There are 2 protein chains.
Amino acid sequence: MMPRRVPLKNRMPAQPAAGRRRPAETIADAHQGARRTRLHDVKDPQPHCATCHLQRLCLPFGLEPGVMQMFDELIGKRLRLKKSDTLYRPGERFSALYAIRSGSCKTVLLSEDGRDQVSGCHMAGDIIGTDGIGVGAHDCQATALEDMEVCALPFARIEELAQDHARVGQNMHRLLAREISRERRVMLMLGTMRADQRLAAFLLDLADRYRARGYSATEFVLRVTRDEIGSYLGLKLETVSRLLSRMHRDGLILVQGRTIKLLDTPQLKRMIDTGQ
Amino acid sequence: MMPRRVPLKNRMPAQPAAGRRRPAETIADAHQGARRTRLHDVKDPQPHCATCHLQRLCLPFGLEPGVMQMFDELIGKRLRLKKSDTLYRPGERFSALYAIRSGSCKTVLLSEDGRDQVSGCHMAGDIIGTDGIGVGAHDCQATALEDMEVCALPFARIEELAQDHARVGQNMHRLLAREISRERRVMLMLGTMRADQRLAAFLLDLADRYRARGYSATEFVLRVTRDEIGSYLGLKLETVSRLLSRMHRDGLILVQGRTIKLLDTPQLKRMIDTGQ
DNA sequence: CGCCGTCTTGACGAATCTCAAATAAAGTGG
DNA sequence: CCACTTTATTTGAGATTCGTCAAGACGGCG
């Protein structure tokens with residue numbers, strides 16, 4: 001019998017600490033190829049779609065019990081990632097979507113020349129990997145911001161299941177279309193807002209999403225650095241830092257490191273809408 | 001028998017010239033409700049998917065002849081729009097995707113407060129309306145930039161057809177996913193590029209798309225105003241104008257009104273990649 | 001305790017916006 | 001088709017926002 005749990009220290013024996021830039025195998029690689037001991041598979045109290053508290057945010061939402069069961073069986077693996085592990089990288093063959101069960105990650109776009117940009121921050125209940133569907137290969141990189149657990153949803157099997165159960169296909173369409181809408185909103189933000197408005201919008205969006213997951217909508221801990229926020233918002237980290245300080249001074253928020261407390265949400269909203 | 005073609009001047013009898021801001025019925029409205037004579041339906045030489053030269057860009061791509069036939073029959077109406085007609089608006093119930101057969105249009109995002117942004121320019125072969133799938137209502141506005149002809153693809157029937165023919169569902173997924181990738185590229189542009197790089201990227205993107213449709217990739221006519229370009233790129237129209245002038249002075253392009261000729265494509269590419 | 005990554009803050013400069021005015025082009029009604 | 005109106009475009013000057021560079025503070029970790 002394999003031990004069910006490996007001590008934290010030994011989780012990634014093949015990954016030297018200094019190797020962050022190396023084109024190392026991604027977790028998903030390891031999963032696909034089964035070329036190494038699957039230390040990351042989650043074997044413990046196997047979760048099920050039917051009892052998952054994130055269900056209503058996820059793909060099997062609204063399925064009849066029988067179909068839900070089938071969906072559950074479809075799930076390839078539950079994977080566990082440690083902070084800064086990479087789930088997939090650009091160019092990697094696309095084979096599955098990933099539902100985040102816990103933890104959070106960022107997705108980063110990389111272009112041939114040096115430019116890169118954080119294209120999203122994702123938390124429990126989000127489904128990522130959709131960037132791979134279009135051409136069969138991922139075009140961005142998903143990196144854990146903290147330890148996390150994801151369900152791998154093999155895409156081919158989702159499409160099979162969609163054949164027999166219209167609802168699955170519909171949910172898939174919804175998922176993709178919602179992603180499109182989300183990105184449009186980001187485009188609108190990047191194209192039409194000043195720096196302070198963008199930051200306010202970012203904070204309020206986070207707040208909304210925490211609320212939707214049952215967490216406090218006014219007090220939370222950022223999982224990202226100032227640099228990553230800036231990248232996402234099209235700003236430099238200094239600008240982000242300055243703006244956070246200013247909002248703090250103005251009594252809009254309380255900032256202490258990465259802990260944020262929203263003090264005047266209405267004013268933040270107004271700032272976005274009216275530009276002050 | 002109704003006349004097959006109505007003289008240009010009489011196409012929109014119910015639309016007074018001054019009513020541009022009025023919440024007028026959209027073309028799609030008229031189509032859905034059949035509440036007025038369907039002057040815009042295209043009845044003439046009925047086109048078919050099987051013979052459509054835009055097929056390879058469209059949803060029925062790669063279908064077997066029989067299925068292609070079914071897809072063809074699924075098409076609700078071919079609609080004709082005149083310049084500045086609106087195909088759908090924000091809030092309108094989503095019922096169909098639209099494949100552009102000829103002409104071009106822009107999609108505009110509108111937020112409650114005054115902000116708006118051109119979110120895309122679409123030409124023959126593009127499919128628009130995907131913004132409506134997520135919540136069942138459109139969240140942007142599609143407006144014709146010139147006279148155009150579109151095929152309405154009732155979404156419910158696409159989903160039905162996808163049940164029996166996996167390929168249809170797959171094409172649908174591809175379509176949506178590609179839209180996601182496209183928008184990510186735009187986000188990357190808005191978030192990481194300087195004004196001149198954005199404009200260069202815009203021109204080269206247009207060039208690519210014209211090429212893909214068999215038109216000249218080096219000489220074309222913009223269908224949009226400087227203001228609309230600026231809106232799309234997150235810039236002011238003056239900035240766009242100045243940059244076009246500068247690129248002209250620098251011998252990169254030739255500008256005459258909305259006619260653009262690309263003189264030094266490699267340099268434009270380099271400008272994007274290296275920032276000069 | 002000292003290192004390293006992260007964050008803050010200031011001073012300065014460049015990119016872009018705003019406002020304004022002149023010109024060019026397109027659309028309209030006779 | 002013309003005269004007229006409206007809309008689109010160009011260009012300049014000055015203001016603003018944001019980025020760059022640089023120095024120091026903070027905080028976690030070995």
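In the predicted model, DNA strand C is surrounded by 16 residues, a residue being counted as near the strand if one of its heavy atoms lies within 4 Å of it, and the closest are Ser241(A), Arg242(A), Ser245(A), Ala195(B) and Thr239(B). Of the atoms of DNA strand C that come within 4 Å of the protein, sugar and phosphate account for 64%. As a predicted model, it is described with local features only at pLDDT of at least 70 and side-chain atom pairs only at pLDDT 80 or more, whereas totals for chains, interfaces and linings use all residues. Residues are numbered from 1 along each chain as its sequence is written, chains are lettered from A in the order in which they are written, and side-chain values use heavy atoms, with hydrogens and water left out.

By class, the surface near DNA strand C comprises nine charged, five polar and two nonpolar residues, where Asp, Glu, Lys and Arg count as charged, Ala, Val, Leu, Ile, Met, Phe, Trp, Tyr, Cys and Pro as nonpolar, and the others, Gly among them, as polar. Helix α7 (237-249) of chain A and helix α7 (237-249) of chain B each supply at least two residues of this surface, helices being DSSP runs (H or I) of at least four residues, numbered from the N terminus; α7(A) gives the most, with four residues.
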